[in-house]
Structure formats: structure tokens, C-alpha cells
Amino acid sequence: PGTVVAVPRAPLDVQVKNEILETEVKFVYGLCVLWDDYVLPLQCEGLLQGDFSSLLNIRAFNEQLFQALLEELASVNEQLPCLQIGKVIASMLPAMKVYSDFVGRLSSLQAEVREQIHRSPALAQALRRIHSAVVARDSSA
């Protein structure tokens with residue numbers, strides 16, 4: 001039988017910090033896709049109505065948060081164990097109000113979008129077209 005070799009794992013705090021950074025990258029990317037590929041083009045085509053400014057605010061906040069995390073990481077010479085995520089988040093607490101604004105509008109915004117999709121076959125078709133293009137782009141990346 002083969003020999004089992006134990007691969008050393010990073011300490012839990014380093015794993016958590018890495019997971020937070022990776023999650024923030026994915027979240028910012030998802031917000032960019034949602035705004036750039038769906039909301040903005042559909043609004044420009046006149047197919048989607050509504051105030052999506054809270055979504056744009058969430059995107060801007062998370063882009064700033066990620067940039068602040070990268071700057072903090074650079075300040076500790078890319079040493080993940082030294083990254084002070086709490087310090088970064090604490091400095092941005094006042095700006096986190098954008099989440100309460102977004103959550104406060106989310107249910108009504110979802111209902112508005114569902115109703116628009118129900119009333120507009122053109123919107124439903126455009127969503128399918130955009131979704132196919134996004135999936136194809138992301139699967140080839």
C-alpha cells in the first residue's frame with residue numbers, strides 16, 4: 001500500500017483570512033456582473049425600470065473594502081498572518097449603512113422585477129440572452 005503523507009495546513013486564522021479575501025473577490029465580481037451585464041444594459045434598452053442605486057452603492061462599498069484589504073495586506077508585506085481584517089472593517093463601519101438601505105428595499109425591488117418580467121416577454125428574453133452570454137464568458141475564463 002501507498003504511504004500517506006500529511007500535508008501541513010495553514011493555521012485556522014490564515015485559512016479564514018484567505019477565505020475572506022477570496023469571498024470578497026467573488027462578491028465584487030458578482031456585483032459587477034449584476035450591474036454591468038444585467039441592470040445597466042436592460043435599463044439602457046428601456047426594458048428594466050426601477051431604482052437600483054442601492055445595488056450600485058453596495059458594489060462601490062465592496063470595491064472600496066477589497067481595495068482597503070489589499071492595501072492592508074501590502075502594508076504587512078503580503079504576510080497573510082499579519083493581515084488585520086478587523087482593523088479594515090472597523091474603519092469602514094460607518095459606510096456599511098449601505099447594506100441596511102439595500103436590505104430595506106430588497107423585497108420590494110425583487111417584487112418589482114418579477115412583475116416586470118411577468119409583464120414583458122422582451123425583458124424575459126433579454127434576461128435569457130444576457131444570462132447565456134455571461135455563462136459562456138465565465139465558463140471560458
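This report describes selected surface, charge and backbone features of a predicted model.

## Basis of the values

The model is predicted, and local features need pLDDT of at least 70, side-chain atom pairs count only at pLDDT 80 or more, and totals for chains, interfaces and linings use all residues. Residues are numbered from 1 along each chain as its sequence is written, and side-chain values use heavy atoms, with hydrogens and water left out.

Leu 12 belongs to helix 1, which covers residues 12-44. Helices are DSSP runs of H or I with at least four residues, numbered from the N terminus. Together with Val 16 and Ile 20, Leu 12 makes a nonpolar surface patch of about 260 Å². A patch takes residues with over 30% relative accessible area and no salt bridge, joining nonpolar side chains (Val, Leu, Ile, Met, Phe, Trp, Tyr) within 5 Å and like charges within 9 Å. The areas come from the Shrake-Rupley method with a 1.4 Å probe, and for residues only the protein chains shown count as cover. Leu 12 counts as exposed because its relative accessibility is 62%; the classes are buried for under 20%, exposed for over 50%, and partly exposed in between (1.4 Å probe, protein chains only). Ile 20, also in helix 1, has 34% relative accessibility and so counts as partly exposed.

Lys 17 is another residue of helix 1. Lys 17 is buried and has no salt bridge; Asp 13, the nearest side chain of opposite charge, is 4.1 Å away. A salt bridge here needs a side-chain nitrogen of Lys or Arg within 4 Å of a carboxyl oxygen of Asp or Glu. For charge, Lys and Arg count as positive and Asp and Glu as negative, while His and the chain ends are not counted. With neighbours within four places in sequence set aside, Lys 17 is in contact with Leu 80, Pro 81, Cys 82, Leu 83 and Ile 85, contact being heavy atoms within 4.5 Å.

## Arg 59 and its partners

Arg 59 lies in helix 2, residues 53-75. Its relative accessibility is 15%, so Arg 59 counts as buried. Arg 59 forms a salt bridge with Glu 63, whose closest N and O atoms are 3.1 Å apart. The two residues are about one helical turn apart because Arg 59 and Glu 63 are four residues apart in helix 2. Glu 63 counts as partly exposed, at 32% relative accessibility.

The side chains of Arg 59 and Asp 36 are joined by a polar contact of 2.7 Å. A polar contact is a pair of N or O atoms within 3.5 Å; within protein, one must be able to donate a hydrogen and the other to accept it, and residues adjacent in sequence count only if both atoms are side-chain atoms. Not counting residues up to four places away in sequence, Arg 59 touches Leu 31, Cys 32, Trp 35 and Asp 36.

## Salt bridges across the chain

The whole structure has eight salt bridges. One of them pairs Asp 37 with Arg 137, with 2.8 Å between the closest N and O atoms. Asp 37 is in helix 1 and Arg 137 in helix 5 (residues 121-140), so this pair ties together parts that are 100 residues apart in sequence. Arg 137 is partly exposed, at 36% relative accessibility.

Lys 87 and Glu 72 also meet in a salt bridge, at 3.4 Å from N to O. This pair links distant parts of the chain, with Lys 87 in helix 3 (residues 85-91) and Glu 72 in helix 2, 15 residues apart. Glu 72 counts as buried, at 8% relative accessibility. Elsewhere, salt bridges that share partners join Asp 36, Arg 59 and Glu 63 into one network.

Most residues other than glycine have a negative phi. Asn 77 has a positive phi, near 55 degrees, and is found in the loop between helix 2 and helix 3. Glu 78 lies in the loop between helix 2 and helix 3, and its phi is positive too, near 65 degrees. Asn 77 counts as exposed at 60% relative accessibility, and Glu 78 is exposed with a relative accessible area of 54%.

## Leu 70 in helix 2

Leu 70 is located in helix 2 and counts as partly exposed at 34% relative accessibility. Leu 70 and Leu 56 are 14 residues apart in sequence, and their C-alpha atoms are 21 Å apart in space.
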